[in-house]
Amino acid sequence: MPSRGLGGRARTRRARRRRQRESATTRDWAGGLGTDALLAIFHRLDHIDILISADKVCRSWRRAAREEPSLWRRITMRGHEGIARRLNRGGMACEAVRRSAGHCEAFCGQYAGDDGFLVYLIEQAPCLKSLRLISCNLVSNEGLTVAVKELPLLEELELSLCPNVGGFFVSNDGVCGYEVYRFVSEVCPQLKRFRLSNEDFNVTRDWNKNKDVGGIAGMHGLRSLQLFGNGMDNEGLQTVLHCCPHLESLDIRHCFNVDMDETLLLKCARLKTLRLPDDPTDDYDLEVKTPIRMCAVIDDSPWSSDGYDSYRYQLRSPEYLNDFDSDSGDDTDFFGEPSRYECDLDKYDMMLPMSMRTFLK
């Protein structure tokens, strides 16, 4: 009987060791991959996924994610709407740029930065050639001009859904106003691609229809131009086509002030790609809203001195009238929080569990 019990315990120990070896072999498939294979995997991921997930798999994955600047040469931080309200994307953007070790050539960020981040970006990525900012509500004219002035190699610029960029700003001497896109055209002579997308076509803000034309026309080296929901008219488009002789691709969808007559179509014949105001937006990668149209609203207050009520015509979309109060809530000042970049970067250097908390609000 004792020997039988001893043999049973031995078999149990052998079985346990066998399971442990099998388990170790199963777990080691990730750590056993070479650096080239890991980078091939990481290059297929959004950099947000790398920051909060991929470099937590094992030590070799973490080393590849943190110590390979080539992985961060072209940074893309978009999407992730489901967790966007919990992430400090500004801190993540700074960490991504820092990992590039000065080799970052392209940055694309959605909700990922403010003026402070742009200052950090130009310090860490002086050779930047592509800058795409999408829905960066805290980026202003002042921050943009400071950044582009230090990026003479810039070849691509996108300013989509950035409500605080555009129009005039006060120059450094504080004396006169300066048109921001004209400033960009002067300090970035190598600019080849420019994208300026509005949330929708809104004629209430387009009394000065061609306010952006002067600056865009100064970008003489443009090869590709996308203006979505812009207020320019035929005259403005003719100016752009005349001043940008190298233009090959033009996208003016939802620019409903442009009426493509025979003259404009003839001028556009040299373009390789042309998207007209009424063309479909199925392949457009941002949200498309219904253009604001004219509708009648009853004004209960006296319209004139004689005291008679009248109809007051306003420019409103059906969605605006039906959902006027739908946008109010606790999320209005979410992106108004101050930058926490230095604190985030310090935290990220701590133990692995802390790295996840770094980017959580």
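## Basis and overall make-up

The model is predicted: local features need pLDDT of at least 70, side-chain atom pairs count only at pLDDT 80 or more, and totals for chains, interfaces and linings use all residues. Numbering starts from 1 along each chain as its sequence is written, and side-chain values use heavy atoms, with hydrogens and water left out.

The chain has 14 helices and twelve strands. Both are DSSP runs numbered from the N terminus: helices are H or I with at least four residues, strands are E with at least two. Of the 361 residues, 42% are buried. Buried means under 20% relative accessible area, exposed means over 50%, and partly exposed lies in between (1.4 Å probe, protein chains only).

The chain exposes about 19,700 Å². Carbon and sulfur atoms supply 51% of that area. Accessible areas come from the Shrake-Rupley method with a 1.4 Å probe; for residues, only the protein chains shown count as cover. A contact means heavy atoms within 4.5 Å. Among contacts between residues at least 6 apart in sequence, 70% join residues at least 24 apart.

Eight strands form an open sheet, in the order 1-2-3-4-7-8-9-10, with parallel pairing. Its edge strands are strand 1 and strand 10 (273-275), and each pairs on one side only. The twist averages 5° from one strand to the next. For such angles, axes are lines fitted to C-alpha atoms, for helices over the stretch in contact, and angles run from 0 to 180 degrees between N-to-C directions. Two strands pair if DSSP finds at least two bridges between them. Strands of a sheet pair through backbone hydrogen bonds, either parallel or antiparallel.

| Strand pair | Sense | Bridges |
|---|---|---|
| Strand 1 (residues 74-77) and strand 2 | parallel | four bridges |
| Strand 2 and strand 3 (residues 130-134) | parallel | five bridges |
| Strand 7 (residues 193-197) and strand 8 (residues 224-228) | parallel | five bridges |

Met77 has Gly109 in strand 2 as its bridge partner. Gln110 stands opposite Ile134 in strand 3. Phe194 stands opposite Leu225 in strand 8.

Strand 2 (residues 106-110) is largely enclosed by the rest of the structure, because five of its five residues are buried. Ala106, Cys108 and Gln110 point one way from the strand. Phe107 and Gly109 point the other way. Together with helix 6 (residues 115-124) and strand 3, strand 2 makes a right-handed β-α-β unit. Right-handed means that, with the strands pointing away from the viewer, the path from the first strand over the helix to the second runs clockwise.

Tyr111 lies in the loop between strand 2 and helix 6. Tyr111 is partly exposed, at 28% relative accessible area. It has a positive phi of about 55° although it is not a glycine.

Arg89 belongs to helix 5 (residues 89-99). Arg89 is buried, with a relative accessible area of 4%. Helix 5 is mostly covered: ten of its eleven residues are buried. They include Glu95 and Arg99. Just after helix 5, Ala101 takes a positive phi of about 55°.

## Cores and further residues

A nonpolar core is a set of buried Ala, Val, Leu, Ile, Met, Phe, Trp, Tyr and Cys residues joined through side-chain atoms within 4.5 Å. The largest has 73 residues, and Phe107 and Phe194 have the most contacts inside it. Apart from it lies another core of six residues, among them Cys108, Ile134, Leu161 and Leu286. In soluble globular proteins, nonpolar side chains tend to be buried together.

Beyond residues up to four places away in sequence, Phe194 touches several others, including Leu157, Tyr181 and Met219.

Ser160 sits in strand 4 (residues 156-160). Ser160 is buried, at 0% relative accessible area. With residues up to four places away in sequence left out, Ser160 touches Leu133, Ile134, Ser135, Arg195, Ser197 and Leu286.

His254 lies in the loop between strand 9 (249-251) and helix 11 (262-267). His254 has a positive phi of about 65° although it is not a glycine. At 10% relative accessibility, His254 counts as buried.
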